[in-house]
Amino acid sequence: MNIWIEGLVSFFLLAGSLFAFVGALGLYRLPDFFMRLHGPTKSTTLGVGGMVIASLIYFGARGEGISFHELLITLFLFITAPVSAHMLAKAAMQQKLRINENTSGKPWDQ
Amino acid sequence: MKPRHFLPHPLLSLCLMVVWVLLANDMSLGNWVMGAILGWLIPLLTQVFWITPPRIYKPFKLCWFFLRIIGDIILANLEVAKLILGPQSKLRPAFVEIPMLLEDDLALTMLASIISLTPGTVSADLSDDRKMLLVHTLDVKDEAHLITEIKTRYEAPLLEVFTCSTT
Amino acid sequence: MLDYVIPVCLVFMGMALSLTVARLIKGPDMPDRILALDTLYINAIALLVLFGIWLSSDLYFEAALLIAVMGFIGTVAVTKYLLRGDIIE
């Protein structure tokens with residue numbers, strides 16, 4: 001395989017796994033639930049996106065014809081991630097979870 | 001109940017056809033025909049459940065907007081990564097209420113999703129009268145600045161694309 | 001080059017999964033655990049895609065797609081149960 005294509009695939013793989021790792025780290029480290037919500041909704045989704053682009057390039061370069069099949073996964077995740085984040089935020093507000101003391105503003109009553 | 005149409009949602013039918021062809025991973029004519037049949041049947045059988053789609057006045061503007069959103073998502077991710085790796089005691093999380101001008105269901109859903117995917121914000125709740133959106137941000141320095149940025153950067157283009165309000 | 005990069009990525013993904021599992025066990029409240037499960041399935045998708053590249057096999061995409069669909073439905077069902085005490089009203 002061409003060295004440039006291999007480099008490109010490696011770059012996207014590394015970027016994707018780093019984003020996924022940072023998202024998980026955010027989930028583990030941040031102090032309250034609403035802040036934890038930020039890590040997975042953004043970073044992890046982009047992590048999967050990076051992996052999928054890498055595999056798109058990889059399988060395209062192997063000469064079996066480009067397949068856009070994998071893009072469906074990313075598309076689906078980009079549609080569903082905000083929805084599940086929104087529902088989780090509503091559930092957390094209804095359960096009246098503890099909020100970090102630095103937070104300004106209040107959640108609404110459900 | 002609405003009267004039944006022969007082809008209730010042309011755009012949805014097109015999307016379903018493309019998704020079917022991608023799913024089968026085979027661009028032969030048979031798959032396009034099968035996709036067309038499914039894309040025609042599924043909206044027809046489920047049309048009672050669908051909301052009436054808004055008219056899109058400026059489709060090219062919408063495409064351009066989506067490209068910009070993808071760029072913003074990548075930038076937002078770098079920013080969130082920086083915040084997560086940085087010191088925690090400096091973070092200033094906040095709940096911010098943003099007044100909404102959009103009225104259409106689909107446009108509101110799109111705006112809420114975009115807010116969730118971009119800079120350090122998650123849309124948490126929409127008020128019952130659909131005038132206020134509650135947003136949680138990870139780190140905010142100036143709330144007024146955040147509100148104007150969301151309104152000019154994301155809401156204004158959407159308003160322009162779906163000019164369905166009474167003007 | 002890929003022979004070296006993919007194990008590194010696998011290590012990162014493994015660490016991500018273990019941090020998520022740690023939050024799943026520790027998570028003080030119910031929404032935390034649901035969020036951890038949500039992240040777990042998304043990371044599993046990334047891991048499957050990575051594994052597919054490693055083995056140069058196309059077969060894993062169907063599995064990844066199925067996990068994407070089912071995971072979302074699972075998250076929504078559990079959250080709905082938490083919100084209303086019922087899934088189908």
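**Chain contacts in a predicted model**

Q: Of the two pairs of chains that touch, which has the most contacts?
A: That's chains A and C. Here two residues are in contact if their C-beta atoms, placed from the backbone, lie within 7 Å. This is a predicted model, where local features need pLDDT of at least 70 and side-chain atom pairs count only at pLDDT 80 or more, while totals for chains, interfaces and linings use all residues. Residues are numbered from 1 along each chain as its sequence is written, with chains lettered from A and ligands numbered from 1 in the order in which they are written.

Q: How many residues of chain A and chain C are in contact?
A: 46 from chain A and 41 from chain C.

Q: And which helix of chain A gives the most to that side?
A: Helix 1 of chain A, with 16 residues. Helices are DSSP runs of H or I with at least four residues, strands are E runs of at least two, and both are numbered from the N terminus.

Q: How do the residues on chain A's side facing chain C divide?
A: Into 28 nonpolar, 14 polar and four charged. Nonpolar covers Ala, Val, Leu, Ile, Met, Phe, Trp, Tyr, Cys and Pro, charged covers Asp, Glu, Lys and Arg, and the others, Gly among them, count as polar.

Q: Switching over, how many residues does the contact take from chain B and chain A?
A: 31 from chain B and 35 from chain A. Helix 3 of chain B gives the most to chain B's side, with eight residues.

Q: How far apart are the closest C-alpha atoms of chains B and C?
A: They lie 9 Å apart, and no contact joins those chains.
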